[in-house]
Amino acid sequence: MRRILLILSLLALAACGSTEGDADTTAGDAVTTTVGDGFPVTVGAANGDVTLEQAPQRIVSLAPTATEMLFAIGAGELVVAADEYSNYPEGAPTTDLSGFEPNVEAVADYDPDLVVVSDDLNDIVSALGAVDIPVIHLPAAADLGDAYTQIELLGTLTGNQDEATGLLATMRGEIDELSTSVPDRAEPLTYYHELDSSLFTVTSATFIGQIYGLAGLQNIADQAEGADTLYPQLSAEYIIESDPDLVFLADTKCCGESADTVAVRPGWDQLTAVTGHAVVALDDDIASRWGPRVVDFLEVVVEAVHRLEPGSS
Amino acid sequence: MELAHPIPEVRTTRAGPTLLVLVLIAVTVSALLGVLVGAVELSVGSVLAELADRVPGVDVDSGLSQRESAILWEIRVPRVVLAGLVGGMLAMSGAAFQGVFRNPLADPYLLGVAAGAGLGATLAIAYLPDQTGWPVSPLPLAAFAGAVLGVATTYVLGRSATRSRSTATLILAGVAVAAFLTATQTFIQQQNSDTFREVYAWILGALGTVGWQEVALILPYVVISGLALVLYRRLLDVMGVGDEEAESVGVRSGRVRLAVVAAATLGTAAAVAVSGLIGFVGIIVPHAIRLALGSSYRLILPLSLGFGAAFLILADLIARSVLAPAEIPIGVITAFFGAPFFLLVLSRARRM
C-alpha cells in the first residue's frame, strides 16, 4: 500500500513539473573481475546450458538445499538473498522471497548475477531469462549421484571447485563409513517413513528411500498397492499389519508429531516400533533436502539401527 | 401497469463522446499505474520516456538499464495489457450474458465455462506435467477446449430437455453440466494428489505473464468476440423486453441467444485459458455501468470493455502490491470487491 501511495505522489510531483531525479541501480555489472580461473564457464542443468562470463558476486538462492550447498562449498558470502525457507546455516540471508511463488521483479530487485532455483514455478526460469539474469534450475535429486553432481556444478559456477571436490570426498567417505558400519542381517529391518499425519510416505525408489537402503533397511511401502507413485498414501491398517521395525517421523516440525503422539494413535500402541521405542523423530528439513546434511540424516538412521542390535541398550 | 420486463431506458447519443473520453482516461490512468508499480523501483520519468521512445518517430533516451527496460517491456507491460484484455473481455461477456438472460446477476461462467475450463486445466496438469517439449503450453489449450465443450454440452442438454427454448432451461442445464464437470475434476485431482496445489493456484486466477505470448494468444479472440458482441448490442436491447415481444418484431430470439452466447463464450474461454477463473468482473462491471447509465446495451457493452479493462488492471495492481513480494490471487481481490457490491445491489433493489 505504501508503494502505491509513493507512486501516486510521484505522479503528482511529475505533474507539477518537477522530475524525480534519483539515479536507479545500475545494471548487474560486477565491480571486481575474477582472476582467470576458468571463466567463462558453461554447465548443463535442468534448464539447459547455463553460461557465466565471470564469477558471480551476487547470488540469489530460491532453494533451501542450494543455500546449504553454497555455504558448504565456501560460497556463502556470495549469497545476497535466500528464500524464506532457507533456514540453514544460521548466517544465511533469509528474506521473504518465495521459492514456491517466485516473483521475478522481487528477485531482480536484488540485482543478482546468478539465481538458483529448485522448482520452475510461475515460469520463473523464462522470466529471469527475459530480463537477462542467469538462472540455474537444480531440481530435487533423484539419487545421491544427482546430489553430488549439483554440488560439483555449483562449485564450477562459483569458482570454488576445490572446496566442492573436498566436500564431496568428505561426504562420500562419511556415507561409506556409515553404511558399512551396519551389520548384515539375514532378514533386513523394515521401516516406515512418515511424511505427514495423513500417512503419506515414500517408496524406496525416492532419494530418501535410497538413503535408507544404504542403511540396509527395507521399506514397507514398496509392497503397498498404489506404490506406482513415489509418494503413496498408506492406511493405518496396512502399517499395523506390516509392523515395521522402525518408524521415522518427518512431520515433527510441520505437524507436531512425535513418538508420544504416535503411541496414542488407535491400534498403533501394539506396533513393535512403538513398544520397542524405535520411533525416531527426524528434523523435517534434514529429511527433505538433498544437500550436505544428507550425511547427518544417514547418521540418525544408522544410529537408530544400531540401537536395535541385540545387546545394545 | 407493470410490464413483465420493463422497457429499458434509451439514452441519446450526445452522451457518447464524453463517455468515450472517460473510458479512455480510465484505461490510460490505470495502465500507467499498473506499469509504474512493482518490486523494482523505476522512476516515473524514465518509464514515461521509455514509453514515449516506442512511439514511431520519437527517439528519447530513458536512462533505464537494459535489465530495467526488459522488466518493463517483458514483465510489466505484457501483464498490464493481459489484465486489460481479460478484464475487458470478461466484463463484455458478462454484459452480453446479462442481456441474453435478462438478469443483472448473470455472469459469463453461467453455462459451464468455468467448470469446463477447470476440468481441462486439471487434465492438462495431471496428465501432461512435462511441458518442456511442447512448442505451446498445453494448459491454455486444454482449458479453452474444456470451456467450449462445457458450454456446447449445456446447450445440447438444454435443447434436448424441452422443446421450448426458454432461458431457465438453459441455465438449469448449465448448473447440471457444471456440477458434473466439477465432480469429474475433483475425482481426477484426488487420483493425482500432487496436482492440488497447481490446480488450486490456476483456479484462483493469475495474470503473471512473461513476454507477449499469452497476449498474442488471447488477442484474436477478444477482437473477434468483441466485434461480434458489439454488432449484436442493439438486438440485446430488443430482446430485453422478452422473447415473444422480440419475435413479434422479427428478431429470432433463439438464434440471437445462440450467437451471443457463442461469441461471449469464445472470448470468455480465451480469457479463462490464459488467466484462470477470475470471478465477479463479469457481474460487477456491467452492472455498475447499468446502475450509473441506464440499461441500454448499446452503451453497456462497449463501456464494459473499457471499464472492465481498467477494473482488472487496478485489481491486479492491488493483488501484487499489498503483500509484496507475495501475490494475492486475483480472484480473491475481485471477490472482495464483489461481495459488498452484491450487498449494495440487493439493498438498492429492495428499496425500489
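Trainee: Is the crossing in which α2(A) passes α5(A) left-handed or right-handed?

Mentor: This is a predicted model, in which local features need pLDDT of at least 70 and side-chain atom pairs count only at pLDDT 80 or more, while totals for chains, interfaces and linings use all residues. Residues are numbered from 1 along each chain as its sequence is written, chains are lettered from A and ligands numbered from 1 in the order written, and side-chain values use heavy atoms, without hydrogens or water. A crossing is left-handed if the near helix is turned anticlockwise from the far one by less than a right angle, and right-handed if clockwise. By that rule, the crossing of α2(A) with α5(A) is right-handed.

Trainee: How are α2(A) and α5(A) oriented to each other?

Mentor: Helices here are DSSP runs (H or I, at least four residues), and strands are runs of E with at least two, numbered from the N terminus. Helix α2 (residues 64–72) of chain A packs against helix α5 (residues 144–158) of chain A at about 60°, with the axes 10 Å apart. Angles under 35 degrees count as roughly parallel, over 145 as roughly antiparallel, 65 to 115 as roughly perpendicular and the rest as oblique, so α2(A) and α5(A) are oblique.

Trainee: Which residues of α2(A) make the contact with α5(A)?

Mentor: Contact means heavy atoms within 4.5 Å. On the α5(A) side stand A:Ala147, A:Gln150, A:Ile151, A:Leu154 and A:Thr158, and they are met from α2(A) by A:Ala66, A:Met69 and A:Leu70.

Trainee: What is the orientation of α2(B) and α3(B)?

Mentor: Helix α2 (residues 44–54) of chain B and helix α3 (residues 66–100) of chain B have axes 11 Å apart, at an angle of about 65°. The pair is therefore roughly perpendicular.

Trainee: Which residues does A:Asp119 contact, leaving aside its neighbours within four places in sequence?

Mentor: A:Asp119 lies in the loop between β5 (114–117) and α4 (124–130) of chain A. At 32% relative accessibility, A:Asp119 counts as partly exposed, where buried means under 20%, exposed over 50% and partly exposed in between (1.4 Å probe, protein chains only). Its contacts with those neighbours set aside are A:Phe100, A:Ile124 and A:His137.

Methods:
Axes are lines fitted to C-alpha atoms, for helices over the stretch in contact, and angles run from 0 to 180 degrees between N-to-C directions.
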